Amino acid sequence: MANLRDGLLLGCGNPLLDISAIVDEQFLAKYDMLPNNAILAEEKHMPIYKELVDKFSAEFIAGGSVQNSFRVAQWVFQRPKVAVFFGCVGQDKYSDILSEKATEDGVNVQYQFCKNTPTGTCAVLITGTQRSLCANLASANNFTVDHLKTPECDKFLQNAEYFYISGFFLTVSVDSILAVAKHALSKDRLFMMNLSAPFIPQFFKENLDQVFPYIDILFGNETEALAFAEAQKFGTEDLKEIGLKISALPKQNEARGRVVIITQGSDPVLLIQDGAIREFPVELLPTDQIVDTNGAGDAFVGGFLAQLVQQRSFDTCIECGIWAARKIIQRSGCTFEGVPDFKP
């Protein structure tokens with residue numbers, strides 16, 4: 001593997017223990033949830049986690065969007081500790097499970113520990129091939145910029161060349177995102193983000209607007225891109241037009257144009273770069289081979305990053321992203337096994 005070393009890639013996100021189970025439509029309705037959506041838990045959702053463990057054969061998987069992407073990237077690397085992950089967890093058995101599972105997958109986890117709040121959990125409700133997520137951030141919500149300023153973490157920051165943060169993290173610590181973004185800018189290193197879910201551009205627009213000028217590469221799916229366009233009053237629902245408008249928004253590092261990547265499930269991936277739009281076809285997988293779509297977006301980013309940090313072309317990055325997402329949807333949750341067979 002070319003150019004790989006420890007700590008090349010660094011990210012911040014919400015470390016969550018995924019509690020994943022197959023449920024029916026009534027269960028979704030009971031908790032007022034929609035298929036193929038992602039929400040933050042409210043008071044009415046709190047019993048869901050215990051119910052999944054007690055009444056369904058729930059699986060525990062190391063989760064959280066960035067941690068998932070890094071686990072997939074590490075799988076592609078087949079070399080541990082290329083990716084360093086920051087996030088906040090509780091001091092409990094769930095954080096032990098999280099740390100163990102993420103480390104087994106090769107991620108260098110540098111958690112901030114919070115004494116009085118439990119580790120965050122995410123209910124992953126699978127109905128057919130759809131998945132609906134309900135995240136109770138708990139201690140993930142308590143991440144502070146102070147953690148980045150510790151001598152140990154600062155070393156990791158100085159050492160990394162690629163930075164990736166989820167839009168979900170905008171609900172937690174904008175200060176931390178800005179600290180990483182400004183650091184990346186000062187070193188002329190790539191800073192990347194993901195829109196993550198439609199509610200981010202809708203309800204956290206102010207936070208996103210603060211960070212946006214620093215974003216060199218932006219990922220999002222079609223529903224997230226549409227929500228962003230609506231929040232920004234773009235006045236169009238044409239994804240290609242939206243991508244062009246996003247790439248043209250003001251940017252701190254003007255020497256490097258913003259690249260926008262929009263995934264659309266089984267429809268082509270859009271790459272918007274330097275005012276041009278390219279489409280990358282996605283080979284349709286027979287329905288009977290799809291186990292669940294949970295983690296498909298995270299896996300796409302993981303595959304993409306795995307090639308990007310090896311300085312491969314965007315074509316190869318996107319092809320690997322599509323390949324990784326395809327692998328993940330044939331399994332339950334964001335999981336994988338064996339040696340990856342991606343050939344650029």
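Lysine 81 is found in the loop between helix 3 and strand 5; helices here are DSSP runs of H or I with at least four residues, strands are runs of E with at least two, and both are numbered from the N terminus. This is a predicted model, in which local features need pLDDT of at least 70, side-chain atom pairs count only at pLDDT 80 or more, and totals for chains, interfaces and linings use all residues. Residues are numbered from 1 along each chain as its sequence is written, and side-chain values use heavy atoms, with hydrogens and water left out.

Lysine 81 is not a glycine, yet its phi is positive, at about 70 degrees. Most residues other than glycine have a negative phi. The cut-offs are under 20% relative accessible area for buried, over 50% for exposed, and partly exposed in between, using a 1.4 Å probe and protein chains only.

Another case is serine 196, with phi near 75 degrees. Serine 196 sits in the loop between strand 10 (190–194) and helix 8 (199–203), and at 12% relative accessibility it counts as buried.

Now helix 3 itself, residues 65–77. Its 13 residues reach 18 Å from first C-alpha to last, close to the 18 Å expected at 1.5 Å a residue; the expected span is 1.5 Å times one less than the number of residues. How many residues of helix 3 are buried? The count is 13 of the 13, so helix 3 is largely enclosed by the rest of the structure.

Two packed helices are described by the angle between their axes and the distance between the axes. The axes of helix 3 and helix 12 (residues 296–308) come within 7 Å and cross at roughly 45 degrees. That makes helix 3 oblique to helix 12. Axes are lines fitted to C-alpha atoms, for helices over the stretch in contact, and angles run from 0 to 180 degrees between N-to-C directions. Under 35 degrees counts as roughly parallel, over 145 as roughly antiparallel, 65 to 115 as roughly perpendicular, and the rest as oblique. The crossing of helix 3 and helix 12 is right-handed, meaning that the near helix is turned clockwise from the far one by less than a right angle. Contact, meaning heavy atoms within 4.5 Å, involves residues of helix 3 including Phe70, Val72 and Phe77, and residues of helix 12 including Val301, Gly302 and Leu305.

An open sheet of nine strands has the order 6-5-1-9-10-11-12-13-14, with mixed pairing; two strands pair if DSSP finds at least two bridges between them. Which strands stand at the edges? Strand 6 (108–114) and strand 14 (276–280) do, each with a single partner strand, so one side of each has no neighbour in the sheet. From one strand to the next, the twist averages 20 degrees.

At one end of that order, strand 5 (residues 83–90) runs parallel to strand 6, joined by seven bridges. Valine 89 has phenylalanine 113 of strand 6 as its bridge partner. Six of the seven residues of strand 6 are buried. Elsewhere, strand 11 (residues 217–221) and strand 12 (residues 259–264) pair in the parallel sense over five bridges, with phenylalanine 219 bridged to isoleucine 261.

Strand 1 (residues 9–12) contains leucine 9, which is buried at 0% relative accessible area. Beyond its neighbours within four places in sequence, leucine 9 is in contact with residues including Phe70, Tyr162 and Leu305.

Helix 13 (residues 314–328) lies across strand 11, strand 12, strand 13 (267–273) and strand 14, at about 150 degrees to strand 13. Eleven of its 15 residues are buried, so helix 13 is largely enclosed by the rest of the structure. Among the buried residues of helix 13 are Phe314, Trp323 and Ile328. Its buried residues pack against elements including helix 3 and helix 12.

Strand 7 (residues 121–127) and strand 8 (residues 130–136) are antiparallel over seven bridges.
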